[in-house]
Amino acid sequence: MPISRIALSCGAAVVCFWFAVEVRGAPYVDAVGEQAGDNNSEVDITGVEVTRDLTSLNFKIHLAGDISTANFGNYLIGIQTGPGGNMELNNPWGKPIGIGTGMNYWVGSWVNFGGGAEVYGWDGGAWTRTGQTITPTLAPDSTTISIPLIQLGLGNGSAFKFDVWSTYGAPGGQSAYDALNNPQTTVAEPWNGTPYDSAAAGPLASFTVRDADANSDGGVGFADLVALAQNYGAPGGATWAQGDFDGDGAVSFQDLVTLAQNYGQGVAAAPPAAAVPEPSLAGLLLLPFMLGRRRK
Ligand SMILES: [Ca+2]
Ligand SMILES: [Ca+2]
Ligand SMILES: [Ca+2]
Ligand SMILES: [Ca+2]
C-alpha cells in the first residue's frame with residue numbers, strides 16, 4: 001500500500017499528524033487575446049509554469065498560437081533576485097523592456113533555427129553572459145527554458161520576482177507585445193519601441209526555490225510528502241517531482257531525510273481552528289518502518 005494512502009486515511013495514529021496547510025503555487029496565468037497586434041497569437045502568452053529540479057529552474061511559456069508556424073517570436077524573462085539590478089529598462093538585446101525597480105538577470109530566447117536561449121547577469125555596470133547557450137524544448141504552443149540554478153545564483157531558500165515577455169527579434173528595438181504580469185495590452189505600438197516597465201504595470205510574479213519541493217509551489221509540505229511516498233522504493237528513473245531530491249533516480253531514505261530537514265519551510269501556519277501539529281523530524285523518518293509493517 002502506498003504510504004500516501006495510509007497517511008490520507010489516517011490508518012496509523014502517527015500519520016494523522018502529517019497534515020499542514022500549504023501555500024499553493026498555481027501556474028501563472030495571463031489573459032488571452034490582449035497582445036499587441038491583430039493576428040499574432042504566437043506572441044500571446046497564456047500562462048507560465050515554473051518548476052525546479054535538482055539543478056535547474058524551468059520556465060514553460062504557453063502561447064495561444066503555433067510558435068512553429070510563424071516562428072519569429074522572441075520570449076524573454078526578467079528576474080529580480082535582490083538589490084542592485086538594472087533599473088534603466090535595457091537589456092543585452094537592446095529592447096526597451098525591463099523592471100524599473102531592478103532586473104538582476106535577463107533571459108532572451110528564440111524559436112527559429114532550432115531555438116536557443118541566453119542568460120545574462122547585471123554586474124552593476126554591464127550585462128555579462130552566464131553560462132552557455134541553452135536549447136529550449138519546443139512544442140507547437142509552448143517553449144520551455146531550463147536554466148541551471150547556478151547561472152542565476154539561486155539555491156535553497158532563494159526567492160525572486162520575475163516577468164515574462166514576448167516580442168520579435170527583427171527589426172531590432174521592439175518593445176513587449178505581451179507580458180505575463182499584465183492582463184491589458186502592454187503598450188499600444190510595441191513595434192515603435194515604446195519602453196515597457198513591468199514594475200509599473202503591477203505586482204510581479206514570485207517564486208521561491210526549495211529543496212524537497214516536489215510540486216514546485218515554494219513550500220515543503222504534505223503534497224511533497226505524498227509525491228515521495230507514492231514513489232518510495234523506486235529503484236531508478238524517478239524525477240524530482242516524484243520525490244528524487246538527490247538526482248540518483250531512486251526514491252530512498254536519503255530523499256526522505258532531505259524532505260524531513262526542509263519540512264514546513266514556506267508553508268503557511270494553519271488557522272487556529274484547523275491547527276494540527278507539524279510533523280517532527282523523527283515522525284517523518286518513521287515512514288519507511290510504517291510502510292514495512294503495513295506490507296506484512
Ligand atoms: Ca496574453
Ligand atoms: Ca499579458
Ligand atoms: Ca511543495
Ligand atoms: Ca534519490
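Modeller: Let us begin with one pair of residues: Tyr28 stands opposite Val48 in β2. This is a predicted model, in which local features need pLDDT of at least 70 and side-chain atom pairs count only at pLDDT 80 or more, whereas totals for chains, interfaces and linings use all residues. Residues are numbered from 1 along each chain as its sequence is written, and chains are lettered from A and ligands numbered from 1 in the order in which they are written.

Colleague: How many bridges join strand β1 to β2?

Modeller: In general, strands of a sheet pair through backbone hydrogen bonds, either parallel or antiparallel. Two strands count as paired if DSSP finds at least two bridges between them, and the elements themselves are DSSP runs numbered from the N terminus, with helices being H or I of at least four residues and strands being E of at least two. Here β1 (residues 28-29) runs antiparallel to β2, and 2 bridges join them.

Colleague: Which residue of β3 does Glu49 stand opposite?

Modeller: Glu49 stands opposite Lys60, within a pairing in which 7 bridges join β2 to the antiparallel strand β3 (residues 56-63). These two strands, β2 and β3, form a hairpin with 3 residues between them.

Colleague: What is the order of strands in the open sheet?

Modeller: The sheet has 5 strands in the order β1-β2-β3-β10-β9, with antiparallel pairing. Because β1 and β9 (137-139) each have a single partner strand, they stand at the edges, and one side of each is left without a neighbour in the sheet. The partner of β9 is β10 (residues 142-148), joined to it by 3 bridges and running antiparallel, with Ala139 opposite Ser142.

Colleague: Why is β2 described as largely enclosed by the rest of the structure?

Modeller: A residue is buried if 20 or more other C-beta atoms, placed from the backbone, lie within 10 Å of its own, exposed if 12 or fewer do, and partly exposed in between. Strand β2 (residues 45-52) is largely enclosed because 6 of its 8 residues are buried.

Colleague: Which helix residues are buried in α3?

Modeller: Helix α3 (residues 222-231) is mostly covered, with 8 of its 10 residues buried, including Phe222, Asp224 and Leu225. Just after α3, Gly233 takes a positive phi of about 95 degrees.

Colleague: What percentage of the protein chain's residues count as buried?

Modeller: Of its 296 residues, 43% count as buried, in a chain that has 6 helices and 14 strands.
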